[in-house]
Amino acid sequence: MKLIQPILIILLLSSLIVYFSYFRSILIDRLIALALFVLGIFAIIFPDTTTILANKLGVDRGTDLIFYVFALTTIFCIILLYSKITKSTRIQTEIVREIAIKNASNKHF
Amino acid sequence: MMETNQISAPDKPEDTWIVIPCFNEDVTIENVVNSIANLGHSIVVVDDGSLTPVKERINKSNVHVCRHIINLGQGAAIQTGIKYALLHNAKFIVTFDADGQHRVEDIKQVVAPLLSGEYDVVLGSRFIKGGDALDIPKTKALILQLAILFTKLTTGLKVTDTHNGLRAFTNLAASKIQISQNGMAHATEILVEIKRNAFRYTETPVTILYTEYSLSKGQKISNAFNIVWDSMMGIFR
């Protein structure tokens, strides 16, 4: 493993965390998704460009580069889903809580 | 936190609210509730979607029962109880486990430091001098020590017991604490909230009774990993 690799992993993970904790917005989520989609189409139309780009980045084949990007996209989507589920759990909790308080025995208000 | 001095002595016992989160505690809940009710405190039992509703078996004027229509977890139940107690103008709020592992006489101990207005939050501890963990299994003690270390590292709070269900809050502190961890990670979250709000907190010795029943109902040791996981994943909200 080259020294750059663990550093890249740490950078990537911390940027994800920073993004999800501070800069999160639906607009940016969608822009990222759109950008990845456009990149995908571009790679299909000009397959050689991925190899050229891959070589520049020190990855051997274009396929490998696509694979790495795919892995990153998947991680991004999973975290996105995770945060959506968390949000909907929070809403569900609020609803259940309100019903519980409303139907309480003995309440005086 | 400087604004807590709305506390006026002498306090009426019914102004202290005991929040009891409860999930399938059929064996113990009635005894626990009855023994606390005798002290004159107000009680809110939060039935967290138990198979047999608690409401049907408890009928006392100072005992309120809220029922979650589905099971959400202990953290959510405590938050519901706190909200309910605040709506009834509670002065102090005490959380108390339903499985009979706490001693009723310890309620007085956790509330006492709040009376002077000197503290916002009091945490029960089984590991400081005067506290006790009767018949605690060795592995459980070890896991709890790891949890305490984890808390020290992540929050910087110097507490001796992080997962003790017996705690007391002033109404002001309780209104500022937002428990969003529905599961068992709420214990850590409460400590994070204490830190965030810069609450004045102290620990007081309490005794935990490990009975065969409370051990079978209580936290499985393997759940420690889940608690750490939930706490960490809290950043992806």
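Me: How many bridges join strand 5 of chain B to strand 7 of chain B?

Reply: In this predicted model, 3 bridges join strand 5 (residues 121-125) to strand 7 of chain B, and the two run antiparallel. One looks for partners across the pair: B:Val121 has B:Phe169 of strand 7 as its bridge partner. Strand 7 of chain B is also joined to strand 4 (residues 92-95) by 4 bridges, again antiparallel. There, B:Thr95 stands opposite B:Arg167.

Me: Are the faces of strand 7 of chain B covered or open?

Reply: Each side of the strand is examined in turn. In strand 7 (residues 167-170) of chain B, both faces are covered. B:Arg167 and B:Phe169 lie on one side, B:Ala168 and B:Thr170 on the other, and all are buried.

Me: Is B:Thr154 buried, partly exposed or exposed?

Reply: The relative accessible area decides: buried means under 20% and exposed over 50%. B:Thr154 has 44%, so this residue is partly exposed. B:Thr154 lies in helix 4 (residues 138-155) of chain B, and its side chain reaches the backbone oxygen of B:Phe150 at 2.8 Å.

Me: Which side chains meet in a salt bridge between chain B and chain A?

Reply: One looks for oppositely placed partners on the two chains. The count here is 1 salt bridge, in which the side chains of A:Glu98 and B:Lys83 meet at 2.5 Å, N to O. Helix 2 of chain B gives the largest share of the side that touches chain A, 6 residues. By class, that side of chain B has 12 nonpolar, 7 polar and 5 charged residues.

Notes: Residues are numbered from 1 along each chain as its sequence is written. Chains are lettered from A and ligands numbered from 1 in the order in which they are written. This is a predicted model: local features need pLDDT of at least 70, side-chain atom pairs count only at pLDDT 80 or more; totals for chains, interfaces and linings use all residues. Side-chain values use heavy atoms; hydrogens and water are left out. Buried means under 20% relative accessible area, exposed over 50%, partly exposed in between (1.4 Å probe, protein chains only). Two strands pair if DSSP finds at least two bridges between them. A polar contact is a pair of N or O atoms within 3.5 Å; within protein, one must be able to donate a hydrogen and the other to accept it, and residues adjacent in sequence count only if both atoms are side-chain atoms. A salt bridge is a side-chain nitrogen of Lys or Arg within 4 Å of a carboxyl oxygen of Asp or Glu. Ala, Val, Leu, Ile, Met, Phe, Trp, Tyr, Cys and Pro count as nonpolar, Asp, Glu, Lys and Arg as charged, and the others, Gly among them, as polar.
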